[in-house]
Amino acid sequence: MPWGMRRRLAAAGMVVGLAIVLGGGFAALKTYDYVENDPRFCRSCHLMETAYAKWQTSAHAEVGCHACHVQSTRENLDQLFKYVTLRPDKVGKHADVDYTRCGACHLSRDPRWKQVAQTAGHQVHFTRQGLECVGCHSKGVHQFVRPVDACKDCHAERVREGGMTALHCTACHDFLAADHELGAPTRRDCLACHADMQVGSERFEPHAPMRFPCQECHRPHQNLRPTPADCVRCHHVAAFGLHAVPFHGDCRSCHQPHLWRVDARATCEGCHADRKDHYPDAPCAGCHAFQKSEHAS
């Protein structure tokens, strides 16, 4: 074979070889990028279908799996080997997510992400008590929301049946508040929802006499409606005057919640209908003194 032809064949072989090397390198890079950075690779495991669907509708839908789930190459290969050989029917624990992964965004002061370091709930649970983020957020895995019952894991004695248990705790306890401590809601917090108290026939009007925190009477984690025993903790009237009459034992039978003052005869006439013509223009309390002292004659 002439020398010139040999040179041309060698050159062509080098071009083909280089093309193969470059093509292989490009394919390897694309494969690496797909495995490491494309959530669809995780979805290729059928066990991840539910998690993938939740992730797609979450606030982290633009964040790749490996931004949070970080494993070494050995751990990745070990996980892949177990999947291929053991064919598990559920996803086991993998790639622990500690607070540093969450903090990379949420403690970074990067305005693109909600910053939580100075918020009331995170100050208590993360800064002071050192709880891991996943301790509260893991039940909403891949959606990153707090399930309704997340607080019960630690606060079971506070969160009881009845009361306002249908609401998430953060409906009243402002976890993300930046201007006050996490604790009992203020009167303002309650009135944010209950401004006019249109609950059945109840109303909360501007001239109502009670101006202290709502939980003085209401027990959100137990019984929302106060009982006569709650009333007499402040109003020591049950032992004298007309409050001592047995049929007057339930304060709410005469005092309409959140108004409390009994100004109209209609309240009394609800039970004493036979007294409608008894001095009809005079208020009942003008003669029948509920506020009579126990020492009065």
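A word on the model: it is predicted, with local features needing pLDDT of at least 70 and side-chain atom pairs counting only at pLDDT 80 or more, while totals for chains, interfaces and linings use all residues. Residues are numbered from 1 along each chain as its sequence is written, and side-chain values use heavy atoms, leaving out hydrogens and water.

Back to Arg87, which is in the loop between helix 5 (73-86) and helix 6 (helices are DSSP runs of H or I, at least four residues, numbered from the N terminus). Arg87 isn't a glycine, yet has a positive phi of about 50°. Its relative accessibility is 49%, so it counts as partly exposed (buried is under 20% relative accessible area, exposed over 50%, partly exposed in between, with a 1.4 Å probe and protein chains only).

Now the aromatics. There are two aromatic pairs, where rings of Phe, Tyr and Trp (its six-membered ring) pair if their centres lie within 6.5 Å, with planes under 30 degrees apart stacked, over 60 edge-to-face and the rest tilted.

| Pair | Centres | Planes | Class |
|---|---|---|---|
| Tyr52 and Trp55 | 5.4 Å | 45° | tilted |
| Tyr99 and Phe126 | 5.5 Å | 55° | tilted |

Tyr52 and Trp55 are three residues apart in helix 3 (residues 49-56), and both are buried. Tyr99 in helix 6 (residues 99-106) and Phe126 in helix 7 (residues 120-128) link distant parts of the chain, 27 residues apart.

Note on methods
Helices (H or I, at least four residues) and strands (E, at least two) are DSSP runs, numbered from the N terminus.
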